[in-house]
Amino acid sequence: MTDLATGSVQDQITARLTTALAPTHLTVVNESALHAGHMGDDGTGETHFRVEVEAPAFEGLNRVARQRLVNHALAELLSTQIHALAIKARAPGEA
């Protein structure tokens, strides 16, 4: 597994969410190319992401609480490297 502090930002997101949430499904999509030249684009090509994560940790939690868990796992990256993060979080068995 990738070290939590090394590798591409996409790899770091994957590693941190895997460690924090033990997801049954995880997709991390780098959407930075769609935002080239916009506010928050630092030229690295790794500033805008979309995550879809399914994890037992989300059972019984509302959307805001689920997003807080994701944001907590990625707090360091959100404060330094990630400008935008779209989150779809669900518990196993949810659509």
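In what order do the three strands of the open sheet stand? The order is S1-S2-S3, with mixed pairing. Strands pair if DSSP finds at least two bridges between them. Strands (E, at least two residues) and helices (H or I, at least four) are DSSP runs, numbered from the N terminus.

This is a predicted model, where local features need pLDDT of at least 70, side-chain atom pairs count only at pLDDT 80 or more, and totals for chains, interfaces and linings use all residues. Residues are numbered from 1 along each chain as its sequence is written, and side-chain values use heavy atoms, leaving out hydrogens and water.

Strands S1 (25–30) and S3 (84–90) are the edges, each pairing on one side only. Strand S2 (residues 48–54) runs parallel to S3, and seven bridges join them. Glu54 has Arg90 in S3 as its bridge partner.

**The helices.** Contact means heavy atoms within 4.5 Å. Axes are lines fitted to C-alpha atoms, for helices over the stretch in contact, and angles run from 0 to 180 degrees between N-to-C directions.

| Helix | Lies across | Angle |
|---|---|---|
| H1 (residues 9–21) | S1 and S2 | about 160 degrees to S1 |
| H2 (residues 63–73) | S2 and S3 | about 125 degrees to S3 |

**Where the helices meet.** The axes of H1 and H2 come within 9 Å and cross at roughly 120 degrees. Arg16, Leu17, Ala20 and Leu21 in H1 meet Leu69, Val70 and Ala73 in H2.
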